[in-house]
Amino acid sequence: MSEKLKVGILGGTGMVGQRFISLLENHPWFEVVTIAASPRSAGKSYEEAVGGRWKMSTPMPEAVKNITVMNVNEVERVASSVDFVFSAVDMSKEEIRAIEEAYAKTETPVVSNNSAHRWTPYVPMGVPEINPEHFEVIASQKQRLGTQRGFIAVKPNCSIQSYTPALTAWKEFEPYEVVATTYQAISGAGKTFKDWPEMVENIIPYIGGEEEKSEQEPLRIWGHVENGVIVKAEEPKITCQCIRVPVLNGHTAAVFVKFRKRPTKEELIDRLVNFHGFPQEVGLPSAPKQFIRYMEECDRPQVRLDVDYENGMGVSVGRLREDTIYDWKFVGLSHNTVRGAAGGAVLCAEALKAKGYITKK
């Protein structure tokens, strides 16, 4: 019998579900034993259910090809086969909130890639290097749900990973006003160029709901726990524009920052490259050894060259320079479906296991 935790993937046939399955191949702590999806996929082998829609650059893992896909709506049946689940279901927010709570109430922890519970006050939204203390609200969440081990934890929006870590590293200098423009890959919409030929040689200056997420979610990450809920931070004030660009993977951000305490360039770079957190301290399996790197070249970071830094789990920063209106400006890059989606959720699950929140049933 394997000592690994038994994992289920809810929404396992979609792009993020596929990324979960790809990342969890040969994971030292977790083993995918159950895949659940819509009723139309239920009863088929995973290979048959996905068909020609496998969107990863690496082949489908042999270990999952013959897993029979289950109906994600058969909550008790799915939950009985696993220790915890990752959620990447494609439903309305109301449906996602309901089904994730239903799984939690079966005493099955849910680590979600979805946005539905990101503003539920007693649900932690984690970047484990930045705010692992937010997991403390799980105790009050369990009281509300009436569970002993079941709970929901979520990861934040993919686009904020390219600038929120840098701003966190500079917290001592008190950033108070930020302007960010994100240039977002098409995989953030669950698409490839084959699916979305209109994006070839095109830019779309609108991504529904993305600007509000990009402006507000960092404030929740920087918030504090009070009376069993998370209270968001008041600063820095962030204004953002989000643009879809013809790139497959990799979200780039161009960012302008004002600080109350004026740092030098050397101080800013030092704080970036020395920034680390809980995943690095305890050596979590998916943790990048160096979370943020600074690139001195004037034309870096580039998506083509740098998106896979630290297996897609690291953040690259470059072009740090003084600004004529703001204090400093920089460019950040992160992998949107690894650090920004499935990989970030896997790291959250590893942190939750390391802290004793996820255990064998």
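What follows is a short exchange about ring pairs and charges over rings.

Author: This is a predicted model, in which local features need pLDDT of at least 70, side-chain atom pairs count only at pLDDT 80 or more, and totals for chains, interfaces and linings use all residues. Residues are numbered from 1 along each chain as its sequence is written, and side-chain values use heavy atoms, with hydrogens and water left out.

Reader: How many aromatic pairs are in the whole structure?
Author: The search finds 13. Rings of Phe, Tyr and Trp (its six-membered ring) pair if their centres lie within 6.5 Å; planes under 30 degrees apart are stacked, over 60 edge-to-face, the rest tilted.

Reader: Why is the pair F84 and F86 edge-to-face?
Author: Their planes are at 75 degrees, so the pair gets that label; the centres are 5.2 Å apart.

Reader: Is F84 buried or exposed?
Author: F84 is buried (under 20% relative accessible area; exposed is over 50%, partly exposed in between, with a 1.4 Å probe and protein chains only), at 0%. F86 is also buried, at 0%.

Reader: Which cluster are they in?
Author: F84 and F86 form one aromatic cluster with F20, W29 and F30.

Reader: What about F151 and Y357?
Author: That pair is edge-to-face, 6.3 Å centre to centre with 70 degrees between the planes. The two residues are 206 residues apart in the chain. F151 is buried at 0%, while Y357 is partly exposed at 22%.

Reader: Switching to charges, which ring does R220 sit over?
Author: The charged end of R220 sits over the ring of W119, 5.9 Å from its centre. The criterion is NZ of Lys or CZ of Arg within 6 Å of the ring centre and within 35 degrees of the ring normal.

Technical notes. Helix = DSSP H or I, 4+ residues; strand = E, 2+ residues; numbered from the N terminus.
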